[in-house]
Amino acid sequence: MLSAGRLGSVLRGTRAPPPSAVARRCLRVSGSRPAADESERPGGPPQAFDPALLEFLVCPLSKKPLRYEASTNELINEELGIAYPIIDGIPNMIPQAARMMTTQNKKQEDMEQH
């Protein structure tokens with residue numbers, strides 16, 4: 001059995017493993033490291049939402065598919081009448097962040113679709 005002093009010296013001699021690809025990505029996103037390309041720098045162009053994600057995203061409340069509305073940059077749940085904001089290309093799918101759509105907003109969006 002190692003004594004506390006011996007254990008401390010053994011641990012000080014060990015090195016942490018290199019960060020994984022996921023950890024490196026998290027560090028880059030969190031701002032702990034300088035950004036590598038122009039699109040990640042503050043003040044750069046905002047990142048666009050990729051509509052291909054609609055294949056995988058559903059409303060966390062109803063579990064129904066969502067519709068992307070480019071004019072408002074939101075994901076719309078027609079059934080519940082709510083809209084989730086998209087910030088820097090990332091949908092904010094927290095129910096408390098959703099905006100309740102008024103009937104006027106729904107009618108206006110319906111007219112824009114047709």
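Visitor: Why is the pair E69 and R67 called a salt bridge?

Guide: In this predicted model, the closest N and O atoms of E69 and R67 are 2.7 Å apart. The cut-off for a salt bridge is 4 Å between a side-chain nitrogen of Lys or Arg and a carboxyl oxygen of Asp or Glu, so the pair qualifies.

Visitor: What makes E69 count as buried or exposed?

Guide: The relative accessible area of E69 is 10%. Buried means under 20%, so E69 is buried.

Visitor: How do you know whether R67 is buried or exposed?

Guide: R67 has a relative accessibility of 19%. That value is under 20%, so R67 also counts as buried. R67 belongs to strand β1.

Visitor: What makes R67 and E78 a salt bridge?

Guide: Their side chains meet at 2.5 Å, N to O. The limit is 4 Å, so this pair is a salt bridge. It links distant parts of the chain, with R67 in strand β1 and E78 in the loop between β2 and β3, 11 residues apart.

Visitor: Why is the R67 and E78 pair also called a polar contact?

Guide: The side chains of R67 and E78 make this contact at 2.5 Å.

Visitor: Why is E78 called partly exposed?

Guide: The relative accessible area of E78 is 40%. Buried means under 20% and exposed over 50%, so E78 falls in between.

Visitor: What makes R99 and E74 a salt bridge?

Guide: The side chains of R99 and E74 meet at 2.7 Å, N to O, and the cut-off is 4 Å, so the term applies. R99 lies in strand β5 (residues 99-100) and E74 in strand β2, so the pair ties together parts 25 residues apart in sequence. R99 has a relative accessible area of 29%, so it counts as partly exposed. E74, at 9%, is under the 20% limit and therefore buried.

Visitor: Which residues do salt bridges that share partners join into one network?

Guide: R67, E69 and E78 form that network. The structure holds 3 salt bridges.

Visitor: What makes strands β1 and β2 a pair?

Guide: β1 (residues 67-69) and β2 are joined by 3 bridges and run antiparallel. At least two bridges are needed, so they pair. Y68 stands opposite L75 in β2. Their hairpin has 4 residues between the strands, and N73 takes a positive phi near 55°.

Visitor: How do you know that β2 and β3 pair?

Guide: They share 4 bridges in the antiparallel sense. P85 in β3 is the bridge partner of E74. In this hairpin, G81 has a positive phi near 70°.

Visitor: Which way do the residues of β2 point?

Guide: From β2 (residues 74-77), E74 and I76 point one way and L75 and N77 the other, and all are buried.

Visitor: Which residues make up the largest nonpolar core?

Guide: This core has 9 residues: F49, C59, L66, L75, I82, Y84, I86, M93 and A98. Strand β3 (residues 82-87) gives the most to this core, with 3 residues. Beyond four places in sequence, L75 contacts residues including F49, L66, Y84 and M93.

Visitor: Why is a set like this called a nonpolar core?

Guide: The term requires buried residues of nonpolar types, Tyr and Cys included, joined through side-chain atoms within 4.5 Å. In soluble globular proteins, nonpolar side chains tend to be buried together.

Key. Residues numbered from 1 in each chain as written. Predicted model: local features only at pLDDT ≥ 70, side-chain atom pairs only at ≥ 80, totals over all residues. Heavy atoms only, no water. Buried < 20%, exposed > 50% of the residue type's maximum accessible area, 1.4 Å probe, protein only. Contact = heavy atoms within 4.5 Å. Polar contact = N/O pair within 3.5 Å; in protein donor to acceptor, adjacent residues only side chain to side chain.
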